[in-house]
Amino acid sequence: MSQDTKTLEFMQIAMKYLPEAKAKLDEAGIEIRAEHLQPMMELLTKVMNDAYELGKSEAGK
């Protein structure tokens with residue numbers, strides 16, 4: 001799987017849960033604006049990629 005394909009899939013997963021995350025932030029009184037989303041999505045993609053690589057290496061043992 002190419003890095004671009006994986007990144008796209010991770011973004012799709014993140015977008016699936018975005019409404020739930022926004023609701024939790026709203027409940028906590030934390031305002032998030034559109035310009036805050038891109039850096040957070042990039043960070044989440046990095047986390048998901050690391051988790052993917054960890055799972056891949058663990059599966060190979």
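In this predicted model, the count of aromatic pairs comes to one. That pair is formed by Phe 10 and Tyr 52, whose rings lie 6.2 Å apart centre to centre with 65° between their planes, an arrangement classed as edge-to-face. Because Phe 10 belongs to helix 1 (residues 3-27) and Tyr 52 to helix 2 (residues 34-59), the pair ties together parts that are 42 residues apart in sequence.

**The two partners of the pair**
- Phe 10 has a relative accessibility of 9% and therefore counts as buried, the cut-off for that class being under 20% relative accessible area.
- Tyr 52, with a relative accessible area of 30%, is partly exposed, since this class covers values between the 20% limit for buried and the 50% limit for exposed.

**Fold and dimensions**
- The secondary structure of the chain consists of two helices, with zero strands.
- The radius of gyration of the chain is 14 Å, whereas a compact globule of 61 residues would have one near 10 Å.
- The C-alpha trace, taken along its principal axes, spans about 45 × 20 × 15 Å.

**Burial and surface**
- Buried residues make up 11% of the 61 residues in the chain.

**Charge**
- The chain carries 8 positive and 11 negative side chains, and the centres of these two sets are 3 Å apart.

Key: Residues numbered from 1 in each chain as written. Predicted model: local features only at pLDDT ≥ 70, side-chain atom pairs only at ≥ 80, totals over all residues. Heavy atoms only, no water. Helix = DSSP H or I, 4+ residues; strand = E, 2+ residues; numbered from the N terminus. Rg over C-alpha atoms; globule rule 2.2 N^0.38 Å. Buried < 20%, exposed > 50% of the residue type's maximum accessible area, 1.4 Å probe, protein only. Lys, Arg positive; Asp, Glu negative; His and termini not counted. Charge placed at Lys NZ, Arg CZ, Asp CG, Glu CD. Phe/Tyr/Trp six-rings, centres within 6.5 Å; stacked < 30°, edge-to-face > 60°.
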